[in-house]
Amino acid sequence: MDAEFDDPRPAIVCSDNQVRVCEDRCTTCIFRPGNLMMLQPGRRSQMLRDALRNEGHIPCHSTLDQKRSAICRGFADLPAAQQRSLALRVGAALGILTYVPTETSHLHPP
């Protein structure tokens, strides 16, 4: 089990009239090639299915320790996420998507 992603508390990505999205993928983004986060086999696919089915999103793990986290850039770039994620759809419709840096996002461009 990947406890970091199984926290029942929702990550706060929507507040202050903003929907926060990472401006780049972090260095260990689960959407980069390979398994940089050493997730269990099938875990990323399950997270993606759950997020899309629930019209949710995947928060960037490198922002989970911040006061307000941000939506994973790798997730946000997926066409399916742009169509199914409520936060991304509302943020785009209202023009309130805010792209924020992560500590490690500047090291590797998407």
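A salt bridge is counted here where a side-chain nitrogen of Lys or Arg lies within 4 Å of a carboxyl oxygen of Asp or Glu. By this criterion, a search of the whole structure returns 3 salt bridges. The structure is a predicted model, in which local features need pLDDT of at least 70 and side-chain atom pairs count only at pLDDT 80 or more, while totals for chains, interfaces and linings use all residues. Residues are numbered from 1 along each chain as its sequence is written, and side-chain values use heavy atoms, with hydrogens and water left out.

Side chains of opposite charge can pair when their charged atoms come close. Relative accessible area, computed with a 1.4 Å probe on protein chains only, is called buried under 20%, exposed over 50% and partly exposed in between. Arg-53 is exposed at 54%, and Asp-50 is partly exposed at 23%.

A further salt bridge connects Glu-55 and Arg-89, at 3.3 Å from N to O. This pair links distant parts of the chain, 34 residues apart: Glu-55 sits in the loop between helix 1 and helix 2 (73-76), and Arg-89 in helix 4 (residues 86-94). Glu-55 is partly exposed at 32%, as is Arg-89 at 30%.

Asp-77 and Arg-73 also form a salt bridge, their closest N and O atoms being 2.8 Å apart. Asp-77 is partly exposed, with a relative accessibility of 31%.

How values were computed: Helix = DSSP H or I, 4+ residues; strand = E, 2+ residues; numbered from the N terminus.
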